[in-house]
Amino acid sequence: MEKKSVDARGLSCPQPVIETKRALDRMSSGTVEILVDTVTSRENVIRFASNAGWRTSWKETETGFAVTAEK
């Protein structure tokens with residue numbers, strides 16, 4: 001199973017969602033961890049990934065949030 005990571009910390013919306021889309025588009029299945037640093041980015045990434053058919057979860061980190069998308 002493929003695993004990727006996207007560091008979108010410090011990026012303004014909609015850039016975290018765009019970076020997430022690029023990563024998810026390159027994979028038919030696997031796990032992508034997206035690092036973001038704002039609640040708004042976290043919610044937007046979760047909404048986008050869920051609408052694209054990926055299961056999502058998230059956890060708080062020292063530098064923000066880690067959103068995991070799996071398929």
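This is a predicted model: local features need pLDDT of at least 70, side-chain atom pairs count only at pLDDT 80 or more; totals for chains, interfaces and linings use all residues.
**First stop: an aromatic pair**

Select Trp58 and Phe65 and display their side chains. The structure holds one aromatic pair. The ring centres of Trp58 and Phe65 are 5.6 Å apart and their planes meet at 80°, so the pair is edge-to-face; planes over 60 degrees apart count as such.

Is Phe65 buried or exposed? Phe65 has 9% relative accessibility and therefore counts as buried. Trp58, with 42% relative accessibility, counts as partly exposed.

Over which face does Arg42 lie, and at what distance from the ring centre? Arg42 lies over the face of Trp58, 3.9 Å from the centre of the ring. The charged end of Arg42 also sits over the ring of Phe65, at 4.7 Å from its centre.

**Second stop: a cis peptide bond**

Now select Cys13 and Pro14 and display the backbone atoms. The peptide bond that joins Cys13 and Pro14 is cis, with omega at about 10°. To place Pro14 in the fold, look at the loop that runs between strand S1 (3-7) and helix H1 (15-25); Pro14 lies in that loop.

Finally, select Thr31, which lies in strand S2 (residues 31-36). Thr31 counts as buried because its relative accessibility is 12%, and the cut-off for buried is under 20%.

Which residues does Thr31 touch, not counting residues up to four places away in sequence? Thr31 touches Met1, Glu2, Lys3 and Lys4, together with Thr68, Ala69 and Glu70. Display these residues with Thr31 to see the contacts.

Technical notes:
Residues are numbered from 1 along each chain as its sequence is written. Side-chain values use heavy atoms; hydrogens and water are left out. Rings of Phe, Tyr and Trp (its six-membered ring) pair if their centres lie within 6.5 Å; planes under 30 degrees apart count as stacked, over 60 as edge-to-face and the rest as tilted. Buried means under 20% relative accessible area, exposed over 50%, partly exposed in between (1.4 Å probe, protein chains only). A charge sits over a ring if NZ of Lys or CZ of Arg is within 6 Å of the ring centre and within 35 degrees of the ring normal. Helices (H or I, at least four residues) and strands (E, at least two) are DSSP runs, numbered from the N terminus. Contact means heavy atoms within 4.5 Å.
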